Amino acid sequence: MIKNRRSPLQSVIIVSVCAAVAALAGNSTAVAQPGRDHRVPYTRHVEPGNANPMIATGVTLESRARNYKSSGLGPAALNPAGAPGTPAAYVDAGQFPGGELTGGVTITEAQGMNALRQIEANLKARGLKLSDVTTMRVFLDNAPGTDRADYAGWNRAYRQFFANTDLKTGKPIMVPMGTGEPAEPLVINPARPSRFALEIASLPVEGWLVEVEVDAVYPR
């Protein structure tokens, strides 16, 4: 009877590979996601001790992570009362009847919520959710009559869809819309993507003040 014998070097290699696989499995980070309790192929890095960070300081993707990149998406023209090619045309009249902004909601804030709804629909068509987003890039134009992009309005819109749970308790955090009292966010989502937001001279669609593109990772 012939027996297969491993050389000492082969044994060392096999043991080393097994140890590496075990270590990788042990280091996989379980990220709490709404309705999901399995492991995901990335790690979000946030400021230590901060229970409510707005964004991640960075995201580490595993080598076999299946990544999806959206195109740049802006708000849909959902306000028939708004003149074509004007910022008012991109207010969601379903959310704001007649396209009238009330409660201190800014035009950038309204367009931001509209744009993130388009991102949500884009992800859903690919089998993904907002909670799967790992990275976000945001381009803002200043509203007519202003000389600076409305970052505060954009951030309020963002918090309606992202980064609105306490990382320690898991409970939703109330967020304001405009100058109104903080209330439950439109979409409860613990995800803090890495993100940049910057002002540019103009956007490709006349009337847009907000354009967003995202990277998302399919859960394992």
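**Figure 1. Side-chain contact of Asn114 with the backbone of Tyr90.** In this predicted model, the side chain of Asn114 comes to 3.0 Å from the backbone oxygen of Tyr90. Asn114 belongs to helix H2, which covers residues 107-125. The relative accessibility of Asn114 is 2%, so the residue counts as buried, the cut-off for that class being under 20%.

**Figure 2. The aromatic cluster of Trp154, Tyr158 and Phe162.** Ring pairs join Trp154, Tyr158 and Phe162 into a cluster. A pair of aromatic rings is described by the distance of the centres and the angle of the planes. The count of aromatic pairs in the model is three. Trp154 and Tyr158 make up a tilted pair, with 6.1 Å from centre to centre and 45° between the planes. Trp154 and Tyr158 are about one helical turn from each other because they stand four residues apart in helix H3 (residues 151-159). Tyr158 also pairs with Phe162: the ring centres are 5.4 Å apart and the planes meet at 10°, so this pair is stacked, since planes under 30 degrees apart fall into that class. Trp154 has a relative accessibility of 0% and is therefore buried. Tyr158 likewise has a relative accessible area of 0% and is buried. Phe162 is buried as well.

**Figure 3. Arginine side chains over tyrosine rings.** Two views are shown, one for Tyr158 and one for Tyr218. In the view of Tyr158, the charged end of Arg195 is placed over the ring, at 4.6 Å from the ring centre. In the view of Tyr218, Arg66 lies over the face of the ring, and the distance to the ring centre is 4.1 Å.

Figure 4. Ala163 is found in the loop between H3 and strand E5, the latter covering residues 194-199. The phi angle of Ala163 is near 55°, a positive value in a residue that is not glycine. With 1% relative accessibility, Ala163 counts as buried.

**Figure 5. The second largest pocket and its lining.** The volume of the second largest pocket is about 170 Å³. Eleven residues line this pocket. Those nearest the pocket centre are Glu120, Lys129, Leu130, Ser131 and Val187. Sorted by class, the lining consists of six nonpolar, two polar and three charged residues.

**Figure 6. Leu61 in strand E2 and its separation from Val40.** Leu61 is located in strand E2, which comprises residues 58-61. The relative accessible area of Leu61 is 39%, so this residue is classed as partly exposed. Between the C-alpha atoms of Leu61 and Val40 the distance is 9.5 Å, and 21 residues separate the two positions along the chain.

**Figure 7. The protein chain as context for the close-up views.** The secondary structure of the chain consists of three helices and six strands. Read from the N terminus, the order of these elements is α-β-β-β-α-β-α-β-β. The chain has 220 residues, and 42% of them count as buried. Among the buried residues are Asn114, Trp154, Tyr158 and Ala163, whereas Leu61 is partly exposed.

How values were computed: Residues are numbered from 1 along each chain as its sequence is written. This is a predicted model: local features need pLDDT of at least 70, side-chain atom pairs count only at pLDDT 80 or more; totals for chains, interfaces and linings use all residues. Side-chain values use heavy atoms; hydrogens and water are left out. Rings of Phe, Tyr and Trp (its six-membered ring) pair if their centres lie within 6.5 Å; planes under 30 degrees apart count as stacked, over 60 as edge-to-face and the rest as tilted. Helices (H or I, at least four residues) and strands (E, at least two) are DSSP runs, numbered from the N terminus. Buried means under 20% relative accessible area, exposed over 50%, partly exposed in between (1.4 Å probe, protein chains only). A charge sits over a ring if NZ of Lys or CZ of Arg is within 6 Å of the ring centre and within 35 degrees of the ring normal. On a 1 Å grid over the protein atoms alone, a cavity is a set of points where a 1.4 Å probe fits but cannot get out, and a pocket is an open set with protein on both sides within 12 Å along at least five of seven lines; lining residues have an atom within 4 Å of a point. Grid points are joined across faces, edges and corners, and a volume is the space filled by probe spheres set on the points. Ala, Val, Leu, Ile, Met, Phe, Trp, Tyr, Cys and Pro count as nonpolar, Asp, Glu, Lys and Arg as charged, and the others, Gly among them, as polar. A polar contact is a pair of N or O atoms within 3.5 Å; within protein, one must be able to donate a hydrogen and the other to accept it, and residues adjacent in sequence count only if both atoms are side-chain atoms.
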